[in-house]
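Colleague: I have a structure open here and would like to go through it with you. Could you take my questions one at a time?

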Amino acid sequence: MDQFIWRVLPLLSILVSFLVFFYFQNSHTAQLYPLIKFPRSKCSLLPHHHFWISSKRIVTPQGIISGSVEINEGRIVSVIEGYGKQGQSKQEEIIDYGDAVVMPGLIDVHVHLDEPGRTEWEGFDTGTRAAAAGGVTTVVDMPLNNYPSTVSKETLKLKLDAAEDKIYVDVGFWGGLVPENALNLTILDDLLSAGVLGVKSFMCPSGINDFPMTTIDHIKAGLSVLAKYKRPIVVHAELQQDYGNHLDINDNRDPHDYLTYLNTRPPSWEEAAIRQLVGVSKDTGIGGPLEGAHVHIVHLSDSSASLDLIKEAKSRGDSITVETCPHYLAFTSEEIPNGDTRFKCSPPIRDAHNKDKLWEAVLEGHIDLLTTDHSPTVPELKLLEEGDFLKAWGGISSLQFNLPVTWSYGKKYGLTLEQLSLLWSKRPAALAGIESKGTIEVGNHADIVVWQPEQEFDLDDNYPVFIKHYELSAYMGRRLSGKVLDTFVRGNLVFKDGKHAPAACGVQILAT
Ligand SMILES: NC(=O)NC(NC(N)=O)C(=O)[O-]
Ligand SMILES: [Zn+2]
Ligand SMILES: [Zn+2]
């Protein structure tokens, strides 16, 4: 008997290690939960489930081609080069978009949908309608601004229940890393097991009472669990510094003046936080003690010292990425009118030189991806009448405008359609571990935006905007270029010519 055990034991251990290896290999992937109760005719404005989209400008990973994309049962089944060559297809099953651009739908991994608990700010229904109207086919919802915050498996369940039957695009969820679950890692483990795509934390006060800030030690503890799940932490990286003499100066400054606010959150806050983060991300490299974990810095505004620290960390092999947002690429502190609190966000929008350097970093690939940080609130908290930058809610409302804004401001800097698609689809999908999305490739979900880059429009009161309290968006009143025509989510035509499909057939994306 003894002999038998000694013979079997090595074989058994090899088998177990194989199983463990494959389990972890596959662990950073996300699954869709299609609990759709609606008939197809309600989910899509198109009657077909097998059809072709043709265009002279299709953005694929191999470049822009002229041809068609064949879609069947929600997936891309072939990509055919050559405009007008759809093979066997019947005429009525071909949607010919001519020279409109066919691109992967945008994946916005930084969106505050605020439900449950603060649906007067935003919600799954309005937020995902806005996403669909803007060509955003997947959003990843932030764990705060909703109430209660998503920091445990129980609070995630409340989120999932609240989202049911209300989402027009696919939605994934970040959990929150807060001191409570960083000090009791079983709660964090359970939250990750329940399917959040990763966790978000703040290194400064979040403005939300039940979402307290974390120290670098909390983050380090969180990373040890994230390494096991191969999922990222996404961090709001601002670390409050002593003002020194600044405080007195600011005390007497006019709160209606944007510069007063700007001076309260200098680039040194971002730099200090990122310095701490790269201090821990060094262990995420291959062979490091935190291999498998990943550090992602959200909404970078400082394009100087903070960015240099990230570049350095990347060049030594850390698993680290960074995003910035359209408002840092579109606006400058010099042009923000007195008292116009629509522009208040943190970190703040900085000067024109900073903006130019951010664009440079985006185009050179040092900034990995773009997100909106769509973070709306109610007019009472945005304080437009009062115009007090110090007291107003920080957060910019813009989910529906991602594509035209990035394009309108980016084309002057030489942004190409291929770059746009990397920044808004492929790299966000990779960060969130959503493997079946982000590119127009055979086998992927047919998540597609069709848009006309050359078409201009005014964001005035006649323009159909679906975000709540759209009048609080800093983009209202702008003339933009790049009109979204149609949006497909898993082959369902969910938005066309200003109209949505009758039913909300988006699905929840949970990590497995
Ligand atoms: N509680 C928030 O939504 N905060 C957000 N506010 C901003 N960006 O001004 C954020 O993501 O930091
Ligand atoms: Zn933030
Ligand atoms: Zn945010």
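Colleague: Where does Ser303 lie?

Modeller: Ser303 lies in the loop between β13 and α11, where helices (H or I, at least four residues) and strands (E, at least two) are DSSP runs numbered from the N terminus. This is a predicted model, in which local features need pLDDT of at least 70 and side-chain atom pairs count only at pLDDT 80 or more, while totals for chains, interfaces and linings use all residues. Residues are numbered from 1 along each chain as its sequence is written, chains are lettered from A and ligands numbered from 1 in the order in which they are written, and side-chain values use heavy atoms, with hydrogens and water left out.

Colleague: Is Ser303 buried or exposed?

Modeller: Ser303 counts as buried because its relative accessibility is 3%, and buried means under 20% relative accessible area, exposed over 50% and partly exposed in between, with a 1.4 Å probe and protein chains only.

Colleague: And what does Ser303 touch?

Modeller: Not counting residues up to four places away in sequence, Ser303 touches Asn354, Lys357 and Leu358, where contact means heavy atoms within 4.5 Å. The side chains of Ser303 and Asn354 are also joined by a polar contact of 2.7 Å. Such a contact is a pair of N or O atoms within 3.5 Å; within protein, one must be able to donate a hydrogen and the other to accept it, and residues adjacent in sequence count only if both atoms are side-chain atoms.

Colleague: Now the metals: what coordinates the zinc ion (ligand 3)?

Modeller: His110 (NE2), His112 (NE2) and Asp373 (OD) coordinate the zinc ion (ligand 3) at 2.0 to 2.1 Å. Donors are N, O and S atoms within 2.8 Å of the metal (3.2 Å for Na, K and Ca), and water is not among the atoms, so sites may look incomplete. Along the chain, these donors follow the spacing H-x1-H-x260-D, and both His110 and His112 are buried.

Colleague: Why is the arrangement around the zinc ion (ligand 3) called tetrahedral?

Modeller: The arrangement is tetrahedral because the four donor atoms around the zinc ion (ligand 3) subtend angles of 86 to 131°. Four donors count as tetrahedral if all angles lie between 85 and 135 degrees; four count as square planar and six as octahedral if opposite donors are over 155 degrees apart and all others between 65 and 115, and anything else is irregular.

Colleague: Which protein donors does the zinc ion (ligand 2) have?

Modeller: The zinc ion (ligand 2) has His236 (ND1) and His299 (NE2), which lie 2.1 Å from it. That pair links distant parts of the chain, 63 residues apart, with His236 in strand β12 (residues 232–236) and His299 in the loop between β13 (294–297) and α11 (305–315). His236 is buried at a relative accessible area of 2%, and His299 is buried with a value of 2%.

Colleague: How far apart are the zinc ion (ligand 2) and the zinc ion (ligand 3)?

Modeller: The zinc ion (ligand 2) and the zinc ion (ligand 3) are 3.8 Å apart.

Colleague: Changing topic, where is Val136 found?

Modeller: Val136 is found in strand β8 (residues 136–141), and Val136 counts as buried at 0% relative accessibility. Leaving aside neighbours within four places in sequence, Val136 is in contact with residues including Leu106, Asp108 and Val169.
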